[in-house]
Amino acid sequence: MTKILLVDDSKFLRLATERALARAGYDVCTANDGERALEIAREKKPDVILLDMLLPKMTGPDVLKALKKDPATAGIAVVVFTGLSQKNAVRLQKDGACAFLDKAELGLDKGSEALLVALAGIMRKLNLEVPAGAMAK
């Protein structure tokens with residue numbers, strides 16, 4: 001089962017997204033700040049981290065750099081999951097992000113379908129298992 005660490009400081013968005021990912025068949029754990037994200041990444045070794053950029057205690061870009069510097073977490077795929085504009089995408093990819101998901105474009109207020117479809121595409125590119133529940137209907 002593909003393990004995902006979801007890092008977002010918005011409690012509502014974190015809970016709704018966690019529920020959607022778990023229902024789709026992913027093994028999900030969550031963190032609500034940058035420091036906790038690093039702890040959980042080292043402890044649980046997820047396959048993918050969905051990382052918000054605006055976080056308390058440690059920003060998303062700083063978490064990304066720390067993950068990629070640490071040999072224990074350097075191999076974990078990091079997907080930027082943010083409402084910030086795409087202008088930062090190139091820099092974040094240079095820092096080690098493998099993909100960029102724009103919360104606004106996903107229309108999360110209307111449901112999780114677009115997120116699950118986009119994530120399934122990323123998982124396939126990474127050669128990771130896509131649960132049957134995450135397939136586009």
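**Figure 1. Pairing of strands E3 and E4 in the predicted model.** Strand E3 (residues 48-51) and strand E4 run parallel and are joined by four bridges; two strands count as paired if DSSP finds at least two bridges between them. Helices (H or I, at least four residues) and strands (E, at least two) are DSSP runs, numbered from the N terminus. Within this pairing, Val48 has Ala77 of E4 as its bridge partner. The chain passes from E3 through helix H3 (residues 60-69) to E4 in a right-handed β-α-β crossover; right-handed denotes that, with the strands pointing away from the viewer, the path from the first strand over the helix to the second runs clockwise. Leu50 is likewise bridged to E4, with Val79 as its partner. This is a predicted model, in which local features need pLDDT of at least 70 and side-chain atom pairs count only at pLDDT 80 or more, whereas totals for chains, interfaces and linings use all residues. Residues are numbered from 1 along each chain as its sequence is written, and side-chain values use heavy atoms, with hydrogens and water left out.

Figure 2. Strand E4 (residues 77-82) is mostly covered, six of its six residues being buried; buried means under 20% relative accessible area, exposed over 50%, and partly exposed in between (1.4 Å probe, protein chains only). Ala77, Val79 and Phe81 point one way from E4, while Val78, Val80 and Thr82 point the other way, and all are buried. Four bridges also join E4 to strand E5 (residues 99-102), and these two strands run parallel. Here Val80 has Phe100 of E5 as its bridge partner.

**Figure 3. Strand E3 and its pairing with strand E1.** Val48 and Leu50 are directed to one side of E3 and Ile49 and Leu51 to the other, and all are buried. Strand E1 (residues 3-7) pairs with E3 in the parallel sense over four bridges. In this pairing, Val7 stands opposite Leu51 of E3.

**Figure 4. The nonpolar cores.** A nonpolar core is a set of buried Ala, Val, Leu, Ile, Met, Phe, Trp, Tyr and Cys residues joined through side-chain atoms within 4.5 Å. The largest such core has 24 residues, of which Ile4, Leu21, Tyr26, Leu50, Phe81 and Leu101 touch the most other members. Two or more residues of this core are given by each of E1, helix H1 (11-24), E3, E4, E5 and helix H6 (113-125). H6 provides the largest share, six residues. A second, separate core comprises 22 residues, including Ile40, Val63, Ile76 and Val80. In soluble globular proteins, nonpolar side chains tend to be buried together.

**Figure 5. The surroundings of Leu101.** Contact denotes heavy atoms within 4.5 Å. With its neighbours within four places in sequence left aside, Leu101 is in contact with Leu50, Val79, Val80, Phe81, Thr82, Leu106, Leu115, Ala118 and Ile122.

**Figure 6. Two lysine residues with positive phi.** Most residues other than glycine have a negative phi. Lys45 has a positive phi of about 50° although it is not a glycine, and lies in the loop between helix H2 (34-44) and E3. Lys45 is partly exposed, its relative accessible area being 40%. Lys57, also not a glycine, has a positive phi of about 70°. Lys57 is located in the loop between E3 and H3 and is exposed, with a relative accessible area of 63%.

**Figure 7. Asp109 and Ala16.** Asp109 belongs to the loop between helix H5 (103-106) and H6. Asp109 counts as exposed, at 69% relative accessibility. Although Asp109 and Ala16 are 93 residues apart in sequence, their C-alpha atoms are 9.7 Å apart in space.

**Figure 8. The protein as the setting of the close-up views.** The protein has six helices and five strands, and from the N terminus on its elements run β-α-β-α-β-α-β-α-β-α-α. Buried residues account for 48% of its 137 residues. Of the contacts between residues at least 6 apart in sequence, 60% join residues at least 24 apart.
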